[in-house]
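Reader: I have not looked at this structure before. Please show me how to read its features, one at a time.

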Amino acid sequence: MSQTTLIILSVILAVVVIAVLAGALIKVRTGLEAISDDLETLASALTTVEAEHLRPLEAAVIAINAQFDVILSALPGIARKAKIVAERRPA
């Protein structure tokens with residue numbers, strides 16, 4: 001093969017590689033734009049759910065958590081009493 005033919009083939013190869021990479025990058029960009037749109041829709045939906053459904057429950061959650069705090073504070077005393085009862089049981 002002559003040197004001119006090799007140069008032409010190298011240039012053609014470079015053009016093909018660049019075209020394939022450009023096509024791949026365009027496909028990636030399209031996919032990322034679609035994902036971005038979907039995430040925007042999801043964020044909007046979650047904001048609506050939070051505003052309409054979760055915020056009204058905040059007072060109830062605080063009250064329930066307060067009751068759990070009362071129950072948890074009583075557990076060490078219950079555990080001490082249970083230990084005493086367990087020690088008195090015959091083996």
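Author: Start with what counts as a helix: a DSSP run of H or I with at least four residues, numbered from the N terminus. Val16, for instance, has its place in helix 1. Keep in mind that this is a predicted model.

Reader: Is Val16 buried or exposed, or partly exposed?

Author: Buried means under 20% relative accessible area and exposed over 50%, with partly exposed in between. Val16 has 45%, so the residue counts as partly exposed. Val16 also belongs to a nonpolar surface patch of about 700 Å², made together with Met1, Leu6, Ile8, Leu9, Ile12 and Val20.

Reader: How many salt bridges are there?

Author: The test is a side-chain nitrogen of Lys or Arg within 4 Å of a carboxyl oxygen of Asp or Glu. By that rule there are two. One joins Glu33 to Arg29, with the closest N and O atoms 3.1 Å apart. Both residues lie in helix 1 (residues 3-54), four residues apart, or about one turn of the helix. Arg29 is exposed at 56% relative accessible area, and Glu33 is partly exposed at 39%. The other salt bridge pairs Glu50 with Arg55, at 3.7 Å from N to O. Glu50 is partly exposed, at 37% relative accessibility.

Reader: What span does helix 2 reach, and where does helix 2 bend?

Author: Helix 2 covers residues 58-88, 31 residues in number, and reaches 45 Å from its first C-alpha to its last, close to the 45 Å expected. The bend is about 30 degrees and falls at Leu75, with the proline Pro76 following within four residues.

Conventions. Residues numbered from 1 in each chain as written. Predicted model: local features only at pLDDT ≥ 70, side-chain atom pairs only at ≥ 80, totals over all residues. Heavy atoms only, no water. Helix = DSSP H or I, 4+ residues; strand = E, 2+ residues; numbered from the N terminus. Expected span 1.5 Å × (residues − 1). Bend = angle between axes of the 7 residues up to and from the residue. Buried < 20%, exposed > 50% of the residue type's maximum accessible area, 1.4 Å probe, protein only. Patch = residues over 30% accessible without salt bridge, like charges linked within 9 Å, V, L, I, M, F, W, Y side chains within 5 Å. Areas by Shrake-Rupley, 256 points an atom, 1.4 Å probe, with all protein chains shown as cover.
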